[in-house]
Amino acid sequence: MSSEPISLSKALTSFDALWSPRIVTRVNNYDVRIAKVEGQHVWHVHDDTDEFFLVLDGELHISLREPDGERTVLLPKGAVFTVPRGTEHKPYAPSRAAILMFEPTGTPTVGDRHDDIPEHVDSTTGHALST
């Protein structure tokens, strides 16, 4: 990892793929990832880890399937939210947004269990495929 400051805005301009997080740094055994998002991701769950979201630009909606039913949280720019481990969730951005996530190194973007993955997404990594 770099021993110099990292500009998140410069890192975000270095790629265009949606729902394809890039690791910008590591903290202990955790990846700090940034992603551009728009539209819907897939329903998925991380069995063994929480998932932290920070909205850098735009807004993010996260639908959650909880014991009391389904709900959606709205995260405007600057908001943070942690999806607890074992909670099925589906991120959605009504228009282009930029997010930062904090997860253990190697955590798959589509979780441990997930809905069918669209053809434009790599089912192993959850990263968008080049077209």
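Leaving aside neighbours within four places in sequence, which residues is Ile-99 in contact with?

**View 1. Around Ile-99.** Here the partners are Arg-33, Ile-34, Ala-35, Val-37, Phe-53, Leu-54, Val-55, Leu-56 and Leu-60, where contact means heavy atoms within 4.5 Å. Keep in mind that this is a predicted model: local features need pLDDT of at least 70, side-chain atom pairs count only at pLDDT 80 or more, and totals for chains, interfaces and linings use all residues. Numbering runs from 1 along each chain as its sequence is written, and side-chain values use heavy atoms, with hydrogens and water left out.

**View 2. The largest nonpolar core.** This one has 17 residues, and Ile-99 is among those touching the most other members, along with Val-37, Phe-53, Leu-60, Ile-62, Leu-75 and Phe-81. A nonpolar core is a set of buried Ala, Val, Leu, Ile, Met, Phe, Trp, Tyr and Cys residues joined through side-chain atoms within 4.5 Å; buried is under 20% relative accessible area, exposed over 50%, partly exposed in between (1.4 Å probe, protein chains only).

**View 3. Arg-33 meets Glu-103.** Their side chains form a salt bridge (2.8 Å, N to O), that is, a side-chain nitrogen of Lys or Arg within 4 Å of a carboxyl oxygen of Asp or Glu. Glu-103 is buried at 1% relative accessible area, and Arg-33 counts as buried too, at 7%. Zoom out a bit and Arg-26, Asp-31, Arg-33 and Glu-103 are linked in a salt-bridge network.

**View 4. Glu-66 with Arg-71.** This salt bridge comes in at 2.7 Å, N to O. Glu-66 is partly exposed at 29%, and Arg-71 is partly exposed at 39%.
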